[in-house]
Amino acid sequence: MNQTDRIFALASIWAVAKETYPYFDQLHVDWDDAFRMYLEQISSETDETQAWLLLAAFTRLLNDGHSTVILPRHLTDRRGFFPFEFEKFGDRFLVIAAPDRRDLGKAATSIDGIPIQELVRTLDRWQYTANGHPLRGRLERWLPLMLTGTTHVLETDAGSIPFSLADQKPDLFHLPAPVAEHPFRQISEGIREFEPGILYVRIDDLTHMDHAEAFPSLLEKQKPRAVLFDIRRNIGGMTLCGAKYAQPFFPGSFGGCRKWTQQRNASDAASAAQLTRMSEVRIQAMLASGILSQEDFADAERYANRTQYEQYCDTWEFPCSVRLLDCPVLLLTSRDTISAAEDFAAFFRSNHRGVLMGEPTFGSSGSPLPFRLPGDGFAQIVSVGYELSDGTPFIGSGIMPDIPCSPLLSDRKNGYDRQLDAAVEYLQQQL
């Protein structure tokens, strides 16, 4: 990007956020002042990578997991590919994918002498992390931008691992997925049956509408006594897809969240701007005469502050061939449960239908508005504000489980799924 493109990219992010961002009443920075400050910095920046990092840092001020900058491929590819994948347990990171099988299951402590937690804090300058938990895979994608030189060292609890960034995405060995001790019958990929009649359904994304629409047929065929949804690694997708999965467990229409989005039109914005410019003397005179009310001026202030919202509750209802209204339901959740997967969890939490077990969700949803930036990069800004139907906030904190149950690093090393076993045992007790 040349200087003009960099300025245009910054201005695009600023302008789109002004029109779509739904949390200006909660933002702890002045968005216009921040734009002026970053405009000065990006105008004098000559390095392309640093310019993109400034764009990411500016967007990060919105403090939202769905508001982000996606770097252009040519920029990231030329830095190389990080040849490991991590899984986070508390404040520790386990190597779950590596070029050498012998390195699987080691706990990473630092890279080139820099503690992993410090690298996560560096990432947090550019990309939202949920209380220090990076979105799955994001730390690995950004690490090449944090490392200097050609050779590096990953320190682990079992020794040092020298490595270099790969020229292309490497083939890696993966730590086998953990399994529960309870025996089960495999029905298909991601679908199992635990005794007595507990149907296990793993959903890793909500983008396959055909799977969701076929779900009632699976229920009719299996006739489960209880259903266990595993959404611990669900990256989200379409709330509509999640609602299709949820419909068999509700008698009719249902929802999970209260939402709001900016409500603006040009003529109302113009009228509001005129009111907010009035002197205090004139305001009092118009109030005394009854021409305008206090609410008119309050509306004008909300327009000026970008906090005039259209508020609504999401509701869903579809024809469904099967209803399991008394069937026990359990959802396994984690910090890697995000976006539409959180909408899915909210259906059950807000309606007191079933229980959530595991860890808090990531805490980010809201129909992001994506747009292209000069230089083949992208940005996106959240457009919808969220809270649970009862007003409980979860953006930035996550939806809390009814039954906390965290995995142990030692269990993952040994291939044991403690959470799944606990979920099966809970449902067995309900039956």
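This is a predicted model: local features need pLDDT of at least 70, side-chain atom pairs count only at pLDDT 80 or more; totals for chains, interfaces and linings use all residues.
## Reading sheets, helices and salt bridges

Student: Which residue in E14 stands opposite Val201?

Tutor: Opposite Val201 you will find Phe229. As a general idea, the strands of a sheet pair through backbone hydrogen bonds, in either a parallel or an antiparallel way.

Student: What is the order of the strands in the open sheet that holds E13 and E14?

Tutor: Reading across, the order is E11-E12-E13-E14-E17-E18-E22, seven strands with mixed pairing. The edges are strand E11 (184-188) and strand E22 (403-404), each of which pairs on one side only.

Student: And the helices? Which strands of this sheet does H12 lie across?

Tutor: H12 lies across E14, strand E17 (329-333) and strand E18 (355-358), and runs at about 140° to E17. Helix H14 (residues 418-430) packs on the sheet as well, touching strand E12 (191-194), E13, E14, E17, E18 and E22. The direction of H14 makes about 165° with that of E17.

Student: Now the open sheet of three strands. What is its order, and is the pairing parallel or antiparallel?

Tutor: The order is E16-E15-E21, and the pairing is antiparallel. Strand E16 (309-313) and strand E21 (385-388) are the edge strands, each pairing on one side only. From one strand to the next, the twist averages 20°.

Student: How many bridges join E15 to E16?

Tutor: Strand E15 (residues 257-262) is joined to E16 by five bridges, with the two running antiparallel. To find one of them on screen, pick Lys259: its bridge partner in E16 is Tyr312. Helix H12 (residues 340-350) packs on this sheet too, where it touches E15 and E21 and its direction makes about 35° with that of E21.

Student: Let's turn to side chains. How many salt bridges does the structure hold?

Tutor: There are 25 salt bridges in the structure. One of them is between the side chains of Glu87 and Arg412, at 3.3 Å from N to O. This pair links distant parts of the chain, 325 residues apart: Glu87 belongs to strand E2 (residues 85-89) and Arg412 to helix H13 (residues 409-413).

Student: Are Glu87 and Arg412 buried or exposed?

Tutor: Both Glu87 and Arg412 are buried. For another case, look at Arg102 and Asp100, whose side chains meet in a salt bridge at 2.6 Å, N to O. Arg102 counts as exposed because its relative accessibility is 67%, whereas Asp100, with a relative accessible area of 25%, is partly exposed.

Student: Which residue forms a salt bridge with Asp402?

Tutor: That is Arg349, and the closest N and O atoms are 3.1 Å apart. Asp402 sits in the loop between E21 and E22 and Arg349 in helix H12, so the pair links distant parts of the chain, 53 residues apart. Asp402 is partly exposed at 41% relative accessibility; Arg349 is buried, with a relative accessible area of 19%. There is also a network: salt bridges that share partners join Glu19, Arg264 and Arg306.

Student: Why does Asn414 count as exposed?

Tutor: Asn414 counts as exposed because its relative accessibility is 65%, and the cut-off for exposed is over 50%. Asn414 lies in the loop between H13 and H14. Its C-alpha atom is 9.8 Å from that of Leu175, although the two residues are 239 apart along the chain.

Student: How do I read the whole protein? How many helices and strands are there?

Tutor: The protein has 14 helices and 22 strands. The C-alpha trace spans about 75 × 60 × 30 Å along its principal axes.

Student: What share of the 431 residues is buried?

Tutor: Buried residues make up 52% of them. The accessible surface comes to about 20,000 Å², and 50% of it belongs to carbon and sulfur atoms. Of the contacts between residues at least 6 apart in sequence, 76% join residues at least 24 apart.

Notes
Residues are numbered from 1 along each chain as its sequence is written. Side-chain values use heavy atoms; hydrogens and water are left out. Two strands pair if DSSP finds at least two bridges between them. Helices (H or I, at least four residues) and strands (E, at least two) are DSSP runs, numbered from the N terminus. Axes are lines fitted to C-alpha atoms, for helices over the stretch in contact, and angles run from 0 to 180 degrees between N-to-C directions. Contact means heavy atoms within 4.5 Å. A salt bridge is a side-chain nitrogen of Lys or Arg within 4 Å of a carboxyl oxygen of Asp or Glu. Buried means under 20% relative accessible area, exposed over 50%, partly exposed in between (1.4 Å probe, protein chains only). Accessible areas come from the Shrake-Rupley method with a 1.4 Å probe; for residues, only the protein chains shown count as cover.
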